[in-house]
Amino acid sequence: MTLEKALAALSTLIQPLAATHEVPLSEARGRVLAEDVVTALPLPPFPASAMDGYAVKSEDWTQGRTFNLIGQALAGHPFTGTLAAGDCVRIFTGAQVPVGADRVVLQEWVKALDERTITFDAVSAGESYIRPVGNDVAQGEIIAVAGTRLGPITIGSLAASGIAQVTVRQRPVIGVFSSGDELIDISVPPSALQPGQIYDSNRRTVMELLRNLPLEILDLGCLNDDPETIRTALQQAASRCDLLITSGGVSVGEADFITQTISDLGELVFWKLNIKPGKPLALGRIEDCWILGLPGNPVSTIVTALLVGIPLAAHLAGFSPEPPLRISAQLDAPLGHQPGRAEYQRGRYWLTKGEPKVRHTGEQGSNRLSTFRHANCLIEIPAESGDIPSGARVTILPFVGLMAEA
Ligand code: AMP
Ligand code: MG
């Protein structure tokens, strides 16, 4: 199965959680809007001056004419009188335009003769420098659509419309497991590591990759390579989670029990993707709980978490993340690739005279977390491609577009 097919399958198979609740705007950051928001308040709510100057009636406005200055209007302090012929009001940006005025003359064009009288040097038609009611947002307009992930600007726009509470989707509960007899928790000091043991890094990485998404994340620890342990743990976790993400134990080794356990307890939807790294990726379900089995090699875990785990979690949470940004860059060093699987190498891109260039970060073994050390993108190599010479164009996926921030 190709990555595209797997992603398409996810979005048709997996229904977003239906439950919703209300939150105040101050707690809405990163949450997914459950309903369209319609505003009852036009913006601006009154005709407002766009500049500092003098509010006049345009019919009065002829060259050389003097005006009686009858008051002033500041933002938050409207002028309450009405303009008669030949009157003007000193006005500042954001102030309500007084009744009777239909134009603001910029202060640069005006000469004050004395405290009560002004005149203009020139008359120019065109702009009224008045923002009419609803100029920004009309009454009844949809100002935020269901499925939007609430970021700083949407939240600010809701505040501008006086919307203090929003209905958001409930956050899916995601349990994260790692698996492997060799894995040791970070609480054990390096001096206490026994032969053959390594630290469990995947559980941490996966939780951190998901941290900014609207999810409730449960750290479910590390499972031993024992079918009974895995069976009990998956079954219990499935009853309290909407999605389980595991790493390790999905290959065809003697100690790989995750896929078999999913089949025994529920259903394995697919297993094996045509990508490198990440081939043994598995998707299944136990009753209402989806299970994503990521391969254990740390680079494979990260690449599949980015390309499949984040979109899947986002889908459950009720939003579609922007598709990863794919840009064309020129290779600055050759890439080796055998036709067969689409490959995602770690690379570093930069701009030379505005043009993106990219280079891989060294030997690309799927165990080598160090290939991420200087990386800022994945280089996407099509399945059918062979070796690619320096100077050729390739597609890169910058990390900024892959890590769903809000
Ligand atoms: P597996 O898919 O279980 O065969 O694991 C493949 C490789 O990834 C093995 O070398 C494991 O030791 C390593 N690995 C598996 N899980 C983790 C983990 N949570 N943290 C670090 N390395 C892991
Ligand atoms: Mg293992």
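These legends walk through several close-up views of a predicted model. Local features are taken where pLDDT is at least 70 and side-chain atom pairs where it is 80 or more, while totals for chains, interfaces and linings use all residues. Residues are numbered from 1 along each chain as its sequence is written, chains are lettered from A and ligands numbered from 1 in the order in which they are written, and side-chain values use heavy atoms, with hydrogens and water left out.

**View 1. How the chain splits into domains.** The bounds come from an automatic or database domain assignment. Domain 1 takes in 3–16 + 171–317, and domain 2 takes in 20–43 + 135–169. Domain 3 covers 48–131, and domain 4 covers 327–401. Between the C-alpha centres of domain 2 and domain 4 there are 39 Å.

**View 2. The shell around ligand 1.** Here we're looking at 17 residues around the ligand, with Glu182, Asp200, Ser201, Asn202 and Gly249 coming nearest; a residue is near if one of its heavy atoms lies within 4 Å. By type, the shell has four nonpolar, ten polar and three charged residues. Nonpolar here is Ala, Val, Leu, Ile, Met, Phe, Trp, Tyr, Cys and Pro, charged is Asp, Glu, Lys and Arg, and the others, Gly among them, are polar. Strand S13 (173–179) and strand S15 (198–199) each supply at least two shell residues; strands are DSSP runs of E with at least two residues, helices are runs of H or I with at least four, and both are numbered from the N terminus.

**View 3. Polar contacts to ligand 1.** A polar contact is a pair of N or O atoms within 3.5 Å. Glu182 puts a polar side-chain atom 2.5 Å from an oxygen atom of ligand 1. Taken alone, ligand 1 exposes 480 Å², and the protein buries 78% of that (Shrake-Rupley method, 1.4 Å probe).

**View 4. Strand S5 and its two partners.** Strands pair if DSSP finds at least two bridges between them. S5 (residues 66–73) runs antiparallel to S9 (residues 117–120) over three bridges, with Phe67 partnered by Ile118. With S6 (residues 87–91), S5 runs parallel over four bridges, and Asn68 has Asp87 as its bridge partner.

**View 5. Strand S26 and its neighbours.** S22 (residues 327–331) and S26 (residues 393–398) are antiparallel and joined by four bridges; Gln330 stands opposite Arg393.

**View 6. A salt bridge along helix H3.** Glu208 and Arg204 form a salt bridge, with their closest N and O atoms 2.8 Å apart. The two lie four residues apart in H3 (residues 202–210), about one turn of the helix. The count comes to eight salt bridges, each a side-chain nitrogen of Lys or Arg within 4 Å of a carboxyl oxygen of Asp or Glu.

View 7. Most residues other than glycine have a negative phi, and most peptide bonds are trans. The Leu43 to Pro44 bond is cis, with omega near -10°, and Pro44 is in the loop between S2 (37–38) and S3 (48–49). Lys276 to Pro277 is cis as well, with omega near -5°; Pro277 belongs to the loop between S19 (275–276) and S20 (282–286). Lys272, in the loop between S18 (267–271) and S19, has a positive phi of about 95°.

Definitions and conventions. A polar contact is a pair of N or O atoms within 3.5 Å; within protein, one must be able to donate a hydrogen and the other to accept it, and residues adjacent in sequence count only if both atoms are side-chain atoms.
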